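Below is a short report on a predicted two-chain model. Sequence and structure come first, then the notes.

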Amino acid sequence: MIVVRLTLREAANRKVLLVGAVISVAFLLLFWLGFAVGFNEAATEPDPLESAAAATLMTVLGLYAVQFLASFMAVLLASGAVAPEIESGRLHAVLARPLSRTSWLAQRSGTFAGLAAMYIVVMSLAILGIASGIAGYGAISPGRAVALLALEVAVLVALGTALSVRLSAIAAGVVVIALYGAAWIGGIMEIAGAVLDKDGLERIGVAVSLVIPSDALWRGASYYLQSPVYAAATSVEDGIPFAGSAAPSGLFVAWALAYAAGWWMLADRWFRRRDL
Amino acid sequence: MTSAEEAAGDVRGDGGPLPISATGLRKAYRNRTVLDDVDLHVGPGQVVGLLGPNGAGKTTIVKSLLGMVHLDGGTATVLGRPAGDPAARRAVGYLPEQFQYPAWLDGRQVLEVHARLIGLPAALRPGALADALRLVGLAGRGGDRVGGYSKGMQQRLGLATAVLGRPALVILDEPTSALDPIGRREVRDLIRSLRDRGTAVLLNSHLLGEVEQVCDHVVILDRGRVVSSGALADVAVGAEVRVTLERLDNAAHAILEGFGRVAAVDGDTALVVLDDVAAVPALASALVSQGHGLQALVPLQRSLEDVFVDLVGASAEGEGR
């Protein structure tokens, strides 16, 4: 666990934690203000579905922003996991100790994934807490949503770590962010394909979500974040933009788990074979 | 087998494992050979200098011993375990050539991390940390952040991590590259004190004077090959002998010419460059048996620099470099 502590200290001293906390507090204040104002206006509507829709929309989009921040945090941390340590020579002193490369990599990438997942948990609780406090909001399944979001950052950390064994921090970061963007476009294509009833478009979107499952995991999480009343009353055509309208299949979740594990094992294999 | 290898053997006298035993090491990057059939043995308490010009393969050898570079061939053991096995590194201290320590920690925290990595019991850590800091001259600076250290202080901190917990083997890769002359002298003293407490040291350096002053044995590398190895005194013995006779006449001169080249003559003394370093006894008996009064026959010691330039320079010329 020494490398975990060392990595946490590094994150703390690189101001990642401080900057993340400051921005998050600012974001939560803004969300609280926006939610309070928005919900008060919606609450005057006679149709109870209107206020449920307003609360769901604001909660889901708030967590969409959280997901976005957590993903970037995961990518930025993981894409510099290995290469800069080798280039600077910091790694050599540590690996000259009785510590296997696999253990070092597991502790380091595990710490990054843990930090990003912790951020997800704290922010999700805060957002859902604000929504619940103001509007009495209850999501379909906050636990499943948070688990899927944590899996999303794990996927990004595993991918970023693997690339950081082979590429510089900047190159690895650019590749992962580009893939993350591709997943986002793929998600929009899938939704657009469903709305417009174009199978080809939908199939491309599904294929992209298999190549990089980050956005599909978000869409799965976003379904569980909706209020049950709202989810029952809407379909994909009139759903929230960028959000999913159905629970993810067990097969897809299994694929995403295998995806993260696969990239991590590849990272380990590449790292063990590499000359330092 | 060189005397270094003989001295080393496969196990030490008390039956414990050799600090370093490496045979036939090979490594190539694409089609460039970096190590070609390198043998290296370091016995307990020995200080062995690994010499060679830049790019000779010194750092590659060190990294292969520590499992950081994968070999294409050969076998290497460190303290009796295969190089690359993390357990082999349990009692090894290492100062990398390219060293950097986390800028956000202070010196003592860096040592604390390393003390935990080598599994030093908590009760022994404060003493071991203070000991290491004192040995490298950082006693008053352990609480300062590494980010504020000069390059030389960072190198001292690296030395402190290398000697932390009294390892059986210390590997130093260019340990004085960032130090001033006083710092260099302190490192030489540190290496001597390591030897005195029975620690084996592998010293990678291209500073010949440094190696000459602290090493018992040297291995000279050039472009991945060992061009000379042995006890420092043996390696530094040259092919030059000074011969003083009662009378240096033509007959005596002819005998000397039979063993090599007469480089200079001063009265009855000649400086002879032998074709074969081992021919000194034969030369003596030839002179005596022919009735030349042999006053003195002195093999001349050369500096390590002369040896190095001869060995490395000659092969460089041969390659038209």
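## A glycine between two strands

Gly43(B) sits in the loop between β2 and β3 (47–51) of chain B. Helices (H or I, at least four residues) and strands (E, at least two) are DSSP runs, numbered from the N terminus. Gly43(B) is buried, at a relative accessible area of 2%. Buried means under 20% relative accessible area, exposed over 50%, and partly exposed in between (1.4 Å probe, protein chains only). Thr199(B) is 156 residues away from Gly43(B) along the chain, yet their C-alpha atoms are separated by 9.6 Å.

## Basis of the values

The model is predicted, so to speak of local features requires pLDDT of at least 70, side-chain atom pairs count only at pLDDT 80 or more, and totals for chains, interfaces and linings use all residues. Residues are numbered from 1 along each chain as its sequence is written, chains are lettered from A and ligands numbered from 1 in the order in which they are written, and side-chain values use heavy atoms, leaving out hydrogens and water.

## Chain B overall

Chain B has eleven helices and 14 strands. Its C-alpha trace spans about 75 × 45 × 40 Å along the principal axes. Of its 321 residues, 50% are buried. Take the contacts (heavy atoms within 4.5 Å) in chain B with a separation of 6 or more: 66% of them join residues 24 or more positions apart.

Two domains divide the chain: domain 1 (3–234) and domain 2 (237–301). Their bounds come from an automatic or database domain assignment. The centres of the two domains, taken over C-alpha atoms, are 43 Å apart.

## Nonpolar cores

A nonpolar core is a set of buried Ala, Val, Leu, Ile, Met, Phe, Trp, Tyr and Cys residues joined through side-chain atoms within 4.5 Å. The largest one holds 161 residues. Those that touch the most other members are Trp104(A), Phe271(A), Leu40(B), Ile61(B), Leu65(B), Leu172(B) and Leu202(B). Another core, of 15 residues, lies apart from it and includes Val241(B), Val280(B), Leu283(B) and Ala286(B).

What does Leu40(B) touch, not counting residues up to four places away in sequence? Its partners are Ile20(B), Ser21(B), Ala22(B), Val48(B), Leu50(B), Ile61(B), Leu65(B), Leu202(B) and Val219(B).

## The A–B interface

Chain A brings 27 residues to the contact and chain B brings 31 residues. About 2600 Å² is buried between the two chains, with 56% given by carbon and sulfur atoms. Buried area is the accessible area (1.4 Å probe) that two parts lose on being put together, summed over both. Arg97(A), Pro98(A) and Asp275(A) supply 27% of the area that chain A buries against chain B, more than any other three residues.

Asp275(A) is placed in the segment after α12 (250–273) of chain A. Its side chain makes a polar contact with the side chain of Lys27(B), at 2.7 Å. A polar contact is a pair of N or O atoms within 3.5 Å; within protein, one must be able to donate a hydrogen and the other to accept it, and residues adjacent in sequence count only if both atoms are side-chain atoms. The Asp275(A) side chain also reaches the backbone nitrogen of His70(B) at 2.7 Å. Neighbours within four places aside, Asp275(A) is in contact with Lys27(B), Tyr29(B), Met68(B), Val69(B) and His70(B).

## Helix α9 of chain B

Helix α9 (residues 250–259) of chain B has three named buried positions: Ala252(B), Ile255(B) and Leu256(B). Seen down the axis of α9(B), the buried residues fall within an arc of 100°, so they line one face. The arc is that of the directions from the helix axis to the C-beta atoms. On the other side, Asn250(B), Ala254(B) and Gly258(B) are exposed. Asp249(B) caps the N-terminal end of α9(B), with a side-chain oxygen 3.3 Å from the backbone nitrogen of Ala251(B).

## Positive phi in two loops

Most residues other than glycine have a negative phi. Arg30(B), not a glycine, has a positive phi of about 50°. Arg30(B) lies in the loop between β1 (20–29) and β2 (32–42) of chain B and is exposed, with a relative accessible area of 85%.

Leu79(B) also has a positive phi, near 50°. Its loop runs between β4 (73–78) and β5 (81–82) of chain B. At 19% relative accessibility, Leu79(B) counts as buried.
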